[in-house]
Amino acid sequence: MRADAIRNHERIVGAAVLAFEEIGPQATLEEIAARANVSVITVYRRFRSRDQLVRAVFDHVLTTELQPMTAIHTDDPWQDLTGMLEAVTEVLARRRVIISLAHQFVTLANESTQLFVQAIEPMLRRAIDAGVVRPELLPRDLTVITVMNLATVHPGDPQGEDRRRYLALLIDGLRPSPATLPPPSPRDFFEPPGADEPSP
């Protein structure tokens, strides 16, 4: 893309992030265009449908707010891992509308989740090698923990006390234990139904 097209793309996506979170999923392309200080035609030129804009917004949150947290690498693998889970939960708790919009598109949600799972795998491997977490943990386990914790987010807890309490409880379950976890199901938790069925 040309430099001006890149700038417009970034302005539109940035405006869409704020519009969705402040107005809700009903935010219109006209409202987003006004916030980005561009014409609606420019929005349609960059994103041919609302679905494409939602995808760009979710990808923006993933690449700029979530994935950088998975790149933290210090001499404390336990703190790296648990700090990442805490930070990711805080971001997603603020982006509930965007996450809800993304989940309307099963393929988008699944693809983005797989990217996140791949990003956290090296961090989990370091923690396993250091002996600070259960050796049978899988990257998908951390994603499920995040989803479970987000279920505690509710309007009556604006300070996030519940999500911090229950995340601490979930994190404690990551520590090594004499009891081995039961194996997971063959189907990934985030795999859409029918994904492993042969085509007719």
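Arginine 175 is partly exposed, with a relative accessibility of 40%, where buried stands for under 20% relative accessible area, exposed for over 50%, and partly exposed for values in between (1.4 Å probe, protein chains only). Its salt-bridge partner is aspartate 172, the closest N and O atoms lying 3.2 Å apart, and a salt bridge is taken as a side-chain nitrogen of Lys or Arg within 4 Å of a carboxyl oxygen of Asp or Glu. Aspartate 172 likewise counts as partly exposed, at 48% relative accessibility. Elsewhere, salt bridges with shared partners join Glu22, Glu31 and Arg35 into one network.

The model is predicted, with local features requiring a pLDDT of at least 70 and side-chain atom pairs counted only at pLDDT 80 or more, whereas totals for chains, interfaces and linings use all residues. Residues are numbered from 1 along each chain as its sequence is written, and side-chain values use heavy atoms, hydrogens and water being left out. The average pLDDT (the predictor's confidence in each residue, from 0 to 100) of the protein chain is 85, and 88% of the residues score at least 70. Confidence is lowest in helix H6 (residues 96-102), where the mean is 72, and highest in helix H9 (residues 161-172), where it is 95.

The protein chain contains 9 helices and 0 strands; these elements are DSSP runs numbered from the N terminus (helices H or I, at least four residues; strands E, at least two). Of the 200 residues in the protein chain, 40% are buried. Among contacts (heavy atoms within 4.5 Å) between residues at least 6 apart in sequence, 70% join residues that are at least 24 apart. The accessible surface, from the Shrake-Rupley method with a 1.4 Å probe, comes to about 11300 Å² for the protein chain, and 55% of it belongs to carbon and sulfur atoms.

Side chains of opposite charge can pair when their charged atoms come close. In the whole structure, 10 salt bridges are found. One of these is formed by the side chains of arginine 95 and glutamate 65, at 3.1 Å from N to O. This pair links distant parts of the chain, 30 residues apart, with arginine 95 in the loop between helix H5 (77-94) and H6 and glutamate 65 in helix H4 (residues 50-70). Arginine 95 and glutamate 65 are both buried.

A further salt bridge is made by glutamate 90 and arginine 163, whose closest N and O atoms are 3.0 Å apart. Since glutamate 90 belongs to helix H5 and arginine 163 to helix H9, this pair ties together parts separated by 73 residues in sequence. Glutamate 90 is partly exposed, with a relative accessible area of 24%, whereas arginine 163 counts as buried at 10% relative accessibility.

Helix H9 comprises 12 residues and reaches 17 Å from its first C-alpha to its last, close to the 16 Å expected at 1.5 Å a residue, the expected span being 1.5 Å times one less than the number of residues. Within H9, Arg163, Leu167 and Ile171 are buried. These residues lie on the same side of H9, because they cover an arc of only 65° around the axis, as given by the directions from the helix axis to the C-beta atoms. Glu161, Arg165 and Leu169, by contrast, are exposed on the other side of H9. The buried residues of H9 pack against H5 and helix H8 (139-150).
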